[in-house]
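Please keep the sequence and the model open while reading.

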Amino acid sequence: MPAAEVPVSVELVRGLLDQQHPDLADLPVEILANGWDNLVCRLGAELLVRLPRRAIAAELIAHEQRWLPELAGRLPLPVPAPVRVGQPTTEFPWSWSVVPFFPGRIVARSAPDDPWSAAATLGTFLDALHSPAPAEAPVNPVRGIPLLGRAPGVLDGLTHVDPADRAAALRIWKVAVAAPVWDGPPLWLHGDLHPANILVDRGRISAVIDFGDLTSGDPATDLSVAWLLFPSEQRAALRQAYGRADDATWERARGWALALSLVFLTHSADNPLMRGIGERAFRRVLDSLNC
């Protein structure tokens, strides 16, 4: 995990709240996660504080602050649109956010009770999210792009897998990159939709979180979640609920699932949760050759 570029701590969070949002400063603060990009603290019973650890993460939080309030109202699942925005100070150089706390556990740790319903829920969510994005929407150099742009990482990642699996994966990759490219308008994308960014509460998908990679482009990027999360039958249910993925888009989505699974496999030596996501997704992609 990358080192923090500035010190982040509960004490820093308390100080920032005291300076900028004193009505929240008396609420208890507890670290919930200290990840690659953000320190996330529970703030009382109903809120979280997201504090970037790195300059690149500060840019991503700015995207959430700008666009999530606008998108949230038309999405069928809750998303963490900021309820307060923190400003840079002499102690901390970047903007930060106070967002709602959503109960539940990530799908990677708690599978939905009914995978068919979960697949339909995600398909409906993506159909609502994937609307044309404005010209000023964030641009991500590695998400939403033509699939061929991921080729160097895929080919490098395949050097780390079993040779028999490598041959099958290469067949899938060649078909995916040969599919017609997205020729519609750039659509709004979550950009990082995987089982650690989807919440389940009481057995049902209840929220989608972490929109730091929010961007626009080819919807196949987000549709890769079908392989990151579901076996064949539920993938079909997601596609049906989404309602507008033609064969080329679906083939590119499988290519994106392969690319992302290799990222998780080759860059998660210190993160068993993400490696497990990668292993299961990689196997589902390979098994789809026989479907």
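## Terms and basis

Two strands are said to pair if DSSP finds at least two bridges between them, and the elements themselves are DSSP runs numbered from the N terminus, with helices being H or I runs of at least four residues and strands being E runs of at least two.

This is a predicted model, in which local features need pLDDT of at least 70 and side-chain atom pairs count only at pLDDT 80 or more, while totals for chains, interfaces and linings use all residues. Residues are numbered from 1 along each chain as its sequence is written, and side-chain values use heavy atoms, with hydrogens and water left out.

Towards β6, strand β8 is held in an antiparallel arrangement by two bridges, and here arginine 105 has valine 200 in β8 as its bridge partner.

## The chain as a whole

The protein chain contains ten helices and ten strands. Its radius of gyration, taken over C-alpha atoms, is 19 Å, close to the 19 Å that the globule rule (2.2 Å times the number of residues to the power 0.38) gives for 291 residues, so the chain is as compact as a globular protein of that length. Along the principal axes, the C-alpha atoms fill a box of roughly 60 × 40 × 35 Å.

Of the 291 residues, 54% count as buried, meaning under 20% relative accessible area with a 1.4 Å probe and protein chains only. Among contacts (heavy atoms within 4.5 Å) with a separation of 6 or more, 70% come from residues 24 or more positions apart.

Terms used. Buried means under 20% relative accessible area, exposed over 50%, partly exposed in between (1.4 Å probe, protein chains only).
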